[in-house]
Amino acid sequence: MFKDNIRIKDVKSEIGQLVKSYRKRERLSQQELAEQLDLSRITIQNLELGKNFTIDTFLKVLQHFELLGEFNAFMKGKRSDNETIESLY
């Protein structure tokens with residue numbers, strides 16, 4: 001069921017590193033990004049550290065960095081792939 005033994009904490013860490021790289025690319029501090037998104041600096045810090053963040057926070061950050069469309073397309077593609085698999089029943 002779980003390929004390659006990928007752990008949730010590893011994925012959360014990757015998400016955090018992605019957010020951090022986009023934030024740094026735009027030369028924003030955690031505080032500046034937090035203010036632009038109406039979040040706290042601690043929320044941004046926790047996201048970047050892969051610590052307990054909400055899906056809403058993650059989606060808000062994706063939207064800020066104009067990645068929400070790509071993420072949505074990825075999700076739709078996965079759902080579409082799943083729906084085209086022929087049922088065994």
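Predicted model: local features only at pLDDT ≥ 70, side-chain atom pairs only at ≥ 80, totals over all residues.
Me: Are Glu48 and Arg23 buried or exposed?
Reply: Good one to look up in the structure! The side chains of Glu48 and Arg23 meet in a salt bridge at 2.5 Å, N to O. Glu48 lies in helix H3 and Arg23 in helix H1, so this pair ties together parts that are 25 residues apart in sequence. Buried means under 20% relative accessible area, and both Glu48 and Arg23 are buried.

Me: Which residue is in contact with Arg23, Glu26 and Leu33, leaving aside neighbours within four places in sequence?
Reply: Let's start from the largest nonpolar core, which has 15 residues. Leu33 is among the members that touch the most others there, and so is the residue you want. That residue is also in contact with Val19 and Tyr22, and it is Phe65.

Me: Which element gives the most residues to the lining of the largest pocket?
Reply: The largest pocket holds about 170 Å³ of space. The elements giving two or more residues to its lining are H1, H4 and helix H5 (68-83). By class, the lining has eight nonpolar, no polar and two charged residues. With five residues, the element that gives the most is H1.

Technical notes: Residues numbered from 1 in each chain as written. Heavy atoms only, no water. Core = buried A, V, L, I, M, F, W, Y, C linked by side-chain atoms within 4.5 Å. Buried < 20%, exposed > 50% of the residue type's maximum accessible area, 1.4 Å probe, protein only. Contact = heavy atoms within 4.5 Å. 1 Å grid on protein atoms, 1.4 Å probe; cavity = no way out; pocket = protein on both sides within 12 Å on 5 of 7 lines; lining within 4 Å. Points joined across faces, edges and corners; volume = space filled by probe spheres on them. Helix = DSSP H or I, 4+ residues; strand = E, 2+ residues; numbered from the N terminus. Nonpolar A, V, L, I, M, F, W, Y, C, P; charged D, E, K, R; others polar. Salt bridge = Lys/Arg side-chain N within 4 Å of Asp/Glu carboxyl O.
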